[in-house]
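Look at the charged side chains in the structure below. The paragraphs that follow go through some of their pairings.

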Amino acid sequence: MISIVIADDEIFTREQLSQVLNWDELGFEIVGLFKDGSEVIEYLKDNSTDVILSDIKMKHVSGLDVAKYVFENKLKTQVILLSGYKDFEYAIEAMRLNVFEYLLKPTTYQELYDVIMRVKEHYNESHDMETVKKHAFADLVQGRYDSINDIQNILDKNKVNISLKTAKYLYLKLILINYDRFMSKKYQYGAEAFKNCVENIIRNFNGRVYFSVLSSSNGISHILALSDQFEEKVFSDTVDAEIKKIVSSFKLLFDLDATVETGAVISSYTKLPESCGADSAAETGSDMNGPQGNSIITGEEDIKEIVKSIAYRLFSDVDRYPKAVLESVDYIIENYRNDVSLNEVARHVHLNSVYFSRCFKKSVGRNFVNVVNEIKMETVMYLLKYSTFKVCEICEMLGYKNSQHFYRTFKAFTDNTPVEFRSKNKV
C-alpha cells in the first residue's frame, strides 16, 4: 500500500478528502489526518509517508512550509498542494520545491482522481527506472552493448517509445551561468538537491523529443536528445525550440541564465561514440564536443548575448532603477567592444556627467566605472571557462586596447592571471 497523509485546517474539507476516493481500492493507506502543517512536520520527524495531500494555507504552518521541509530533508515523499488562490507566486514556489502537483480549489473528483493515479504511477515506476534509463543511454552513447536490441528492450520496458535504429540524435551541453555564485549565495539546499531539480526540469520537457540527462554536476548538464518522428532539419529546429523553453525555465524558477553547446545532428546510433566524444562526457562530465561538435559561442552575437545576460542579472530588479540607469546598461551592452566612458554614456542619456554619476552611484550603490568593469570581467571569466578563444582574442573582443591594462584589471578582479584562471576552471 502507498501511504498518504492529508492536511487541511478545515475539518469538513479534511474529512471530505479522506472519503471522496476509495483509497483502499486505489492502493493507498491514509496514515494521518492533520489540521496544520506543524503536525505534518512533527509526524515526518519520526515517520515516513509516500504522499502528502495538503492545503497550501493553514493557520500556523503552510503546505508550502511542509513541501520545503520535505525538499530540504530530501525525503522520498511526493507533495500535492491544494489552493483556493490562483496565485502565480505560490505556483512558482511550489515548482521550486519540486511539488508533484498544484491543484486549485474547488477540485473536482476527476481532477483529484487523475492526480492520485499519476502519483501512484510515479511511485510504482520508482527512481530505479530513471537510473536504469540513464545507464542505458550512457551505454548507447559509449557503444557498450553487444546488440542494439539489448538497449532497445530496456528502454521499451521503461516506457521510452523510440526506435533507436531510426532515431535522430543531438548531443547537448547545458551550462548554467554563474552557477558557483548562485550556489554559494542564493541556494541553500545543497548541490545534490539542485542536481535533482535540474534533471526534473529537463525531463519535464520530454514529449516530441526525448531528453536524457547523462550527467549533471557543477552547473553543467550533458544531455542526449533523440526522436524518431522527424527529418533532420525539423528535428534540429524542434530541439532548439524545446531547449529555449528549458533555458527560460531556469530563468523563471531560479533567475539563472544558461547557454547551450550543441553538435551536429547524428543520423545513426552507431555514430554516437565517434561523434560525441562520449567516453569522457558521459562518465566524467568533461567537454563533450567531438570532431563534429561546434560551440554555440562562435562570434560577436553570441558574446553579446553573454554580456546581456550578465548585465541583466546585475540589474534584474528594474523597478528600483531610474530610466537613465537602465538606458546606460543597454548602451554598455551595445558597445561592449568599446572603452565605454562615463561622459559618453551621460551624453547618450541626455544628462550632465556629474549629475549622471551621482544618480548612478545613489541608485546602484557602486560607481559607473566599477559596474562596467564587473560586466566585462564576468564576461571574460565566462569566455575563458567555456570558449576556445585565445586570451589575446578575448582581450580584443571586450575592447581592451592595452593588454597590460587588461591583465592587471583581471588579476585585481580574480586574484589570478587569465591563463591561471583558465587552467583552474576550463570546462
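Which side chain meets that of Asp237 in a salt bridge? The partner of Asp237 is Lys233, at 2.6 Å from N to O. A salt bridge here is a side-chain nitrogen of Lys or Arg within 4 Å of a carboxyl oxygen of Asp or Glu. Side chains of opposite charge can pair when their charged atoms come close.

This is a predicted model, in which local features need pLDDT of at least 70 and side-chain atom pairs count only at pLDDT 80 or more, while totals for chains, interfaces and linings use all residues. Residues are numbered from 1 along each chain as its sequence is written, and side-chain values use heavy atoms, with hydrogens and water left out.

Asp237 and Lys233 both belong to helix α10, four residues apart, which is about one turn of the helix. Helices (H or I, at least four residues) and strands (E, at least two) are DSSP runs, numbered from the N terminus. Lys233 is exposed at 57% relative accessible area, and Asp237 is partly exposed at 40%. Buried means under 20% relative accessible area, exposed over 50%, and partly exposed in between (1.4 Å probe, protein chains only).

Helix α10 also holds Glu242, whose side chain forms a salt bridge with Arg208 (3.2 Å, N to O). Arg208 sits in the loop between α9 (191-203) and β7 (210-217), so this pair ties together parts 34 residues apart in sequence. Glu242 is buried at 8%, whereas Arg208 is partly exposed at 45%.

The whole structure has 18 salt bridges. Another one joins Lys251 and Asp257, with the closest N and O atoms 3.5 Å apart.
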